[in-house]
Amino acid sequence: MNNKNFFTVIFFLAALIFLGYLFSNVLIFILLAIIFASIGSPLMKLLQKIKIKNRTCSSSLAAGITLFLLLGLISLGVYILIPFVVKEIEVVSSIDPALYTTALENWLHQADMFLYNKGLLEFNEHLGDIILTQTKSFIGAISISQMAGNLFSFAAALFILLFSVIFLTFFALKDKEIFFKMIRRAIPVSFRVHYDRILAQTRVQVVRYFSGVLLDNIILGGAIGLACYIANIPNALLIGFLAGIFNIIPYIGPFIAMGLGLAISITSILPMNPTAEMLTLLFWKFAIIFAVLKAIDMFVLTPVIFGKSIQVHPVEIFIVILLAGYVSGIMGMIFAVPAYSMIRIIVKEFFGGYYFEGMKE
């Protein structure tokens, strides 16, 4: 590769990374549309093969039907989840507030004794007073107008997300090459052969990655749900479902699911007026189940599933996700690995000769 081509590739790669960071929301919309289009692609092909009076289904009609069924499937999942949420709300609303007070006082008393014994709290101090002071300070800093503005912004952002993804998914189903054609037109003619090879490799690895993510989430969620059922923890099915859903957020997702699951289980047993020992036992059950199964997931499932799907070492994956989370938050963590995989393919395609030559020396 001559110097002119070298700097051209560097420029386009840098521009790609910069634009991806600058317009990360739009990039996420497009990626979600491509993922949903990939999921609906088999159904799309099946519909286009159907003939009625020697007429095949048009691409627009097939895309519309496929999109409708995808939205229906997602809505069905939400509909199935609603009864669990409604049940939890009914349980919480039916609990005598005094039970909350009693259980909280017992827990705070035990926490005070533990902190006294460890020398972390003075005898004239109480954990409850510290928590109350910090809570008052936090509430005092909250602006009602700011909260209303944030709520409106969230609703607007959610509407834009849903509309954009649905709109883009329809056209991605109708013409699965549409986004890739747009990128290809912006690339110099001399590099389009390289682009085609990069695209072919990236597609394979991205499909493998998200298939691996789906498989990993199903296995971990099912294992946590089964373990909670065996340990006689209330709402084991819902907890396993939450664990599988939140596991899509690398590393921190299971801890979020653990916190939600623990809150759900505590509200379920509060009508029985649980003692502090019962609540402590419930906490340790959760901690052991999530710690053991997540450790198995990290050290056994993840290397096997992701190592084979994208051929990246787990340490590389961890560092990339950590950096992406620092730069772009949770969404960056979710899409970090496929983006890194694509960059590796680009570097290998254009600069592989340099690395091989260096290895020979």
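**Group meeting talk: a lysine, a core and some rings**

Okay, let's start with Lys294. Leaving aside neighbours within four places in sequence, Lys294 is in contact with Leu220, Asn247 and Pro254, where contact means heavy atoms within 4.5 Å. Before I go on, a word on the model: it's predicted, so local features need pLDDT of at least 70 and side-chain atom pairs count only at pLDDT 80 or more, while totals for chains, interfaces and linings use all residues. Residues are numbered from 1 along each chain as its sequence is written, and side-chain values use heavy atoms, with hydrogens and water left out.

Back to our lysine. Lys294 lies in helix α11; helices here are DSSP runs (H or I, at least four residues), numbered from the N terminus. Is Lys294 buried or exposed? Lys294 is buried, because its relative accessible area is 11%, and buried means under 20%, exposed over 50%, and partly exposed in between, using a 1.4 Å probe and protein chains only.

So what does the side chain of Lys294 meet in a salt bridge? That's the side chain of Asp297, at 2.8 Å, N to O. For a salt bridge, we want a side-chain nitrogen of Lys or Arg within 4 Å of a carboxyl oxygen of Asp or Glu. Side chains of opposite charge can pair when their charged atoms come close. Asp297 and Lys294 both sit in α11, three residues apart, about one turn of the helix, and both are buried. Search the whole structure and you find one salt bridge.

The Lys294 side chain also makes a polar contact with the side chain of Asn247, at 3.0 Å. A polar contact is a pair of N or O atoms within 3.5 Å; within protein, one must be able to donate a hydrogen and the other to accept it, and residues adjacent in sequence count only if both atoms are side-chain atoms.

Next up, the nonpolar core. The largest one has 18 residues, and those with the most contacts inside it are Ile224, Cys228, Ile233, Ile239, Phe286 and Phe290. To be in a core, residues must be buried Ala, Val, Leu, Ile, Met, Phe, Trp, Tyr or Cys, joined through side-chain atoms within 4.5 Å. Two or more residues each come from α8 (192–230), α9 (236–246), α10 (253–269) and α11 (276–310). Which element gives the most? It's α11, with seven residues.

Look at Phe286 in there. Not counting residues up to four places away in sequence, Phe286 touches Ile233, Ile239, Met258, Gly261, Leu262 and Ser265.

Now for the rings. The structure holds six aromatic pairs: rings of Phe, Tyr and Trp (its six-membered ring) pair if their centres lie within 6.5 Å, with planes under 30 degrees apart called stacked, over 60 edge-to-face, and the rest tilted. Phe170 and Phe171 make an edge-to-face pair, 5.2 Å centre to centre with 85° between the planes. Phe170 counts as partly exposed because its relative accessibility is 21%, and Phe171, at 30%, is partly exposed too. Phe286 and Phe290, on the other hand, are stacked: 6.0 Å centre to centre, 15° between the planes. Both lie in α11, four residues apart, about one turn of the helix, and both are buried.
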